[in-house]
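Student: I would like to go through the labels used for this model, one by one. Can we start with accessibility?

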Amino acid sequence: QVQLVESGGGLVQAGGSLRLSCAASGRTFRSYGMGWFRQAPGQEREFVATISRSGTNTAYGDSMKGRFTISRDTANNTVYLQMNSLVPEDTAVYYCAGRTMQLASFVYTNSDSYGDWGRGTQVTVSS
């Protein structure tokens, strides 16, 4: 099990950018596939992006493609989410999630597949 702590959220104007970070503790990070999810008030949790254990495979939610980029720095136990061209609809609490992956290149897009979660970081995009 790893502990996950998100940071980097804040208030940004539409069209701006933010980079979220997720710091993981524990020596098992190398065996983890990682994901980002978000939840806006009154809405269900939504898949944002995921990256495989190896870092070679990624996947994105439809509305994030071309704007968001997920990456990982295994040496520093950190996953990043670079968010560009932000729009007000991106306003939500963003959560980092992780799970052990037996297959190095596999990714999961379903939140139910993840067992470890951070507490979230608020992203607010003003119009």
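Tutor: Buried means under 20% relative accessible area, exposed means over 50%, and partly exposed is in between. Keep in mind that this is a predicted model.

Student: Why is W117 called partly exposed?

Tutor: Its relative accessible area is 27%. That value falls between the cut-offs of 20% and 50%, so the label is partly exposed.

Student: What makes Y95 buried or exposed?

Tutor: Y95 has a relative accessible area of 15%. Buried requires a value under 20%, so Y95 is buried. Y114 has 5% and is therefore buried by that cut-off.

Student: How many aromatic pairs does a search of the whole structure find?

Tutor: Six. One of them is formed by Y95 and W117.

Student: Why is the pair of Y95 and W117 called edge-to-face?

Tutor: The planes stand at 75°, and the centres are 6.5 Å apart. Ring centres must lie within 6.5 Å, and planes over 60 degrees apart count as edge-to-face, so the label holds.

Student: What parts does this pair tie together?

Tutor: Y95 lies in strand 9 (residues 92-100) and W117 in strand 10 (residues 116-117), so the parts tied together are 22 residues apart in sequence.

Student: What makes Y114 and W117 an edge-to-face pair?

Tutor: The angle between the planes is 70°, with 6.4 Å centre to centre. The angle is over 60 degrees and the distance is within 6.5 Å, so they qualify. Both pairs belong to one aromatic cluster, formed by F37, F47, Y95, Y114 and W117.

Student: How do you know that the charged end of R45 is close enough to count as over the ring of Y95?

Tutor: The charged end is 4.3 Å from the ring centre. The limit is within 6 Å, so the distance passes. R45 also lies over the face of W117, at 4.4 Å from the ring centre.

Key. Residues numbered from 1 in each chain as written. Predicted model: local features only at pLDDT ≥ 70, side-chain atom pairs only at ≥ 80, totals over all residues. Heavy atoms only, no water. Phe/Tyr/Trp six-rings, centres within 6.5 Å; stacked < 30°, edge-to-face > 60°. Helix = DSSP H or I, 4+ residues; strand = E, 2+ residues; numbered from the N terminus. Buried < 20%, exposed > 50% of the residue type's maximum accessible area, 1.4 Å probe, protein only. Lys NZ or Arg CZ within 6 Å of the ring centre and 35° of its normal.
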